[in-house]
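Please look through the sequence and the model before reading on. The paragraphs below proceed from helices and strands to a pocket, then to charged pairs, the surface and the backbone.

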Amino acid sequence: EFTKGHFSRIRQVALLSKRVDADVIHGHSAFGGLYSRTAVSRRRRVLAYTPHAFPFERLDSAAPIRAVYYALERLLGHNTSVFVA
């Protein structure tokens, strides 16, 4: 079970990936993708990411919010080995 707080969860994913020595880390959904792709380097593990959707495509969010989502996804995309659909 995850601890409370995003930074604690990122640290928890990093520690768990080292403890189990996983070959592949799979982040599923927005937060799963955030935690896995922030906690682990794709140079050390294969990072697979399955988004439910990309929040920057949501038209019910204001343009500045979508721009932040886009920038985050673009940044995290550099630390992603494969996108899984």
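Helices (H or I, at least four residues) and strands (E, at least two) are DSSP runs, numbered from the N terminus. The model is a predicted one, in which local features need pLDDT of at least 70 and side-chain atom pairs count only at pLDDT 80 or more, while totals for chains, interfaces and linings use all residues. Residues are numbered from 1 along each chain as its sequence is written, and side-chain values use heavy atoms, with hydrogens and water left out.

Rolling a probe the size of a water molecule over the atoms shows where empty space is left. On a 1 Å grid over the protein atoms alone, a pocket is an open set of points where a 1.4 Å probe fits, with protein on both sides within 12 Å along at least five of seven lines; a cavity, by contrast, is a set from which the probe cannot get out. Lining residues have an atom within 4 Å of a point. Grid points are joined across faces, edges and corners, and a volume is the space filled by probe spheres set on the points. The largest pocket has a volume of about 300 Å³. Its lining consists of 14 residues, and those nearest the centre are Ala30, Tyr49, Pro55, Tyr69 and Glu73. Helices α2 (29–39) and α3 (63–77) each contribute at least two residues to this lining. Sorted by class, the lining comprises 10 nonpolar, one polar and three charged residues. In this count Ala, Val, Leu, Ile, Met, Phe, Trp, Tyr, Cys and Pro are nonpolar, Asp, Glu, Lys and Arg are charged, and the others, Gly among them, are polar.

Side chains of opposite charge can pair when their charged atoms come close. A salt bridge is a side-chain nitrogen of Lys or Arg within 4 Å of a carboxyl oxygen of Asp or Glu, and the structure holds three of them. In one, the side chains of Glu73 and Arg37 meet at 2.9 Å, N to O. Because Glu73 lies in helix α3 and Arg37 in helix α2, this pair ties together parts that are 36 residues apart in sequence. Both Glu73 and Arg37 are buried, a word that here means under 20% relative accessible area, with exposed meaning over 50% and partly exposed in between (1.4 Å probe, protein chains only).

Another salt bridge joins Asp21 and Arg45, whose closest N and O atoms are 3.4 Å apart. This pair links distant parts of the chain, for Asp21 is in the loop between α1 and β1 and Arg45 in the loop between α2 and β2 (46–50), 24 residues apart. Asp21 is exposed, with a relative accessible area of 52%, whereas Arg45 counts as buried at 16%. Asp60 and Arg58 form a further salt bridge, with the closest N and O atoms 2.6 Å apart. Here Asp60 is exposed at 59% relative accessible area, and Arg58 is partly exposed at 45%.

Which residues form a nonpolar patch on the surface? They are Val24, Val46, Val82 and Val84, with about 270 Å² of accessible area together. Patches are made of residues with over 30% relative accessible area and no salt bridge, like charges being joined within 9 Å and nonpolar side chains (Val, Leu, Ile, Met, Phe, Trp, Tyr) within 5 Å. Accessible areas come from the Shrake-Rupley method with a 1.4 Å probe, and for residues only the protein chains shown count as cover. Val24 belongs to strand β1 (residues 24–28) and is partly exposed, with a relative accessible area of 47%.

Val40, in the loop between α2 and β2, counts as buried at 7% relative accessibility. Ser17, in helix α1 (residues 6–20), is likewise buried, at 6%. Ser17 and Val40 are 23 residues apart in sequence and 7.8 Å apart in space, C-alpha to C-alpha. Val40 and Asn79, 39 residues apart along the chain, have C-alpha atoms separated by 8.4 Å.

The backbone closes this account. Most residues other than glycine have a negative phi, and most peptide bonds are trans. Asp21, although not a glycine, has a positive phi of about 50 degrees. Ser29, which is found in helix α2, has a positive phi of about 85 degrees and is not a glycine either.
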